Amino acid sequence: MSQRPRSGLAAVSSALLAMSRHLEVRDVLKTIVASARELLDAQYAALGVPDDHGGFAQFVVDGVSDDQWKAIGPLPRQHGILAAMLQEAKIERLADVRKDPRFEGWPSAHPDMSDFLGLPIRDGDEVIGALFLANKNCPKPDGSCGFTADDEELLSILAQHAAIALTNARLYERSRELTIAEERSRLAHELHDAVSQKLFSLRLTAQAATALVDRDPSRAKGELHQVAALAAEAADELRAAVVELRPAALDEDGLVATLRTQIQVLDRAHTARVTFAGHGVKALPAAQEEAVLRVAQEALHNALRHSAAEHVDVTLDRRGSAALLRVTDDGTGFDPKAIRRAGRHLGLVSMRDRASGVGGTLTVESAPGKGTVIEMEVPGG
């Protein structure tokens, strides 16, 4: 390492700083992979996070185009060299991975790889990932590996810091989940206490009014006025609780970051590919940001649960002085008019109400077999 030029050390420092800046797990994984490929001047890099079922919970690549990645197919299983790195927890440096006896081939669309450098990412005694690179960009004498002992040492250092960054990101996400769960529990408790008391009083007052209708209409009328007042108070309690349910992430991170994080989670949780892109949208008033988020969530729920879509794309862009949310899927689609006639709305009424409630508009384009596009436009983007 001491023989490396200063520019190389600066690049290492830059990579480590980049890893420490990200808090979301997927962003950390992407940064690790991109940094490793750039630092070691490799054509391909990948990082797999194993699950408990012989596959990978997450698998991030760099150097492979989106089209190539789609053509390759499902995520790899834990076999061959990948399994060796995870199970034996040792570095693998090979002149030609295809000639290793543990090599079990790859899909037809997979890029051709020869020299290979891989190692496990460890958190204490636990292997939490496998990082590997292929095809060093340098001349290679016959039978030799382009990756050197110095490359191995550098990748080991990077993997140690990657373990710290990945562990911190996981702790951050877990902490946020716990905070959200605790907040929901608190609000549920408060909502139960406040509204239950109002409804109990409402019930007793209504019973009293019923008993007085025949023998004392004047008093019954007074009790009915009290029923109306209690109902209004209960409605106020509910509205206050709903306002307080504004996602904490909106206040902390803003709309774009919140959407990106939630869509990354959906992308991992569903077989459909779910993507997000946001460009040039300024911070919106709180009510508008929440409305946009809720409409996006409802549209994503419909696409992932009901449409059998393979791809769902979400974008948030500026349109003049407005912000435009677009949720597009390639699913089965539907006839919006037939849905309305059948009394099934797929949340469309709720989405339109949310849009109009903040001065925006909602449009739905769909047809059987043609997928669905939902657009929401709100002023002030």
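A disulfide is counted here when two cysteine sulfur atoms lie within 2.5 Å of each other. Keep that cut-off in mind for the first stop. The model you have open is a predicted one.

**Stop 1: the cysteines.** Search for disulfides by that rule and the count is zero. Select C138 to see an example. Its closest cysteine sulfur belongs to C145 and sits 8.2 Å away, which is too far for a bond. Now select C145. This residue is in no disulfide either, and its nearest cysteine sulfur is that of C138. Go back to C138 and show the surface. With 28% relative accessibility, C138 is partly exposed.

**Stop 2: the sheet.** Next, show the strands β6, β7, β8, β10 and β9. In that order, these five strands make an open sheet with mixed pairing. Colour residues 273-279, which are β6, and residues 361-366, which are β9. Both strands stand at the edges with a single partner strand each, so one side of each has no neighbour in the sheet. Look along the sheet for its twist, which averages 10° from one strand to the next.

Stop 3: Select residues 311-319 for β7 and residues 322-329 for β8. The two run antiparallel, and eight bridges join them. Which residue of β8 is the bridge partner of L316? Select L325: that is the partner.

**Stop 4: a helix over the sheet.** Finally, select residues 348-357, helix α10.

Notes. Residues are numbered from 1 along each chain as its sequence is written. This is a predicted model: local features need pLDDT of at least 70, side-chain atom pairs count only at pLDDT 80 or more; totals for chains, interfaces and linings use all residues. Side-chain values use heavy atoms; hydrogens and water are left out. Two strands pair if DSSP finds at least two bridges between them. Helices (H or I, at least four residues) and strands (E, at least two) are DSSP runs, numbered from the N terminus. Axes are lines fitted to C-alpha atoms, for helices over the stretch in contact, and angles run from 0 to 180 degrees between N-to-C directions. Contact means heavy atoms within 4.5 Å. Buried means under 20% relative accessible area, exposed over 50%, partly exposed in between (1.4 Å probe, protein chains only).
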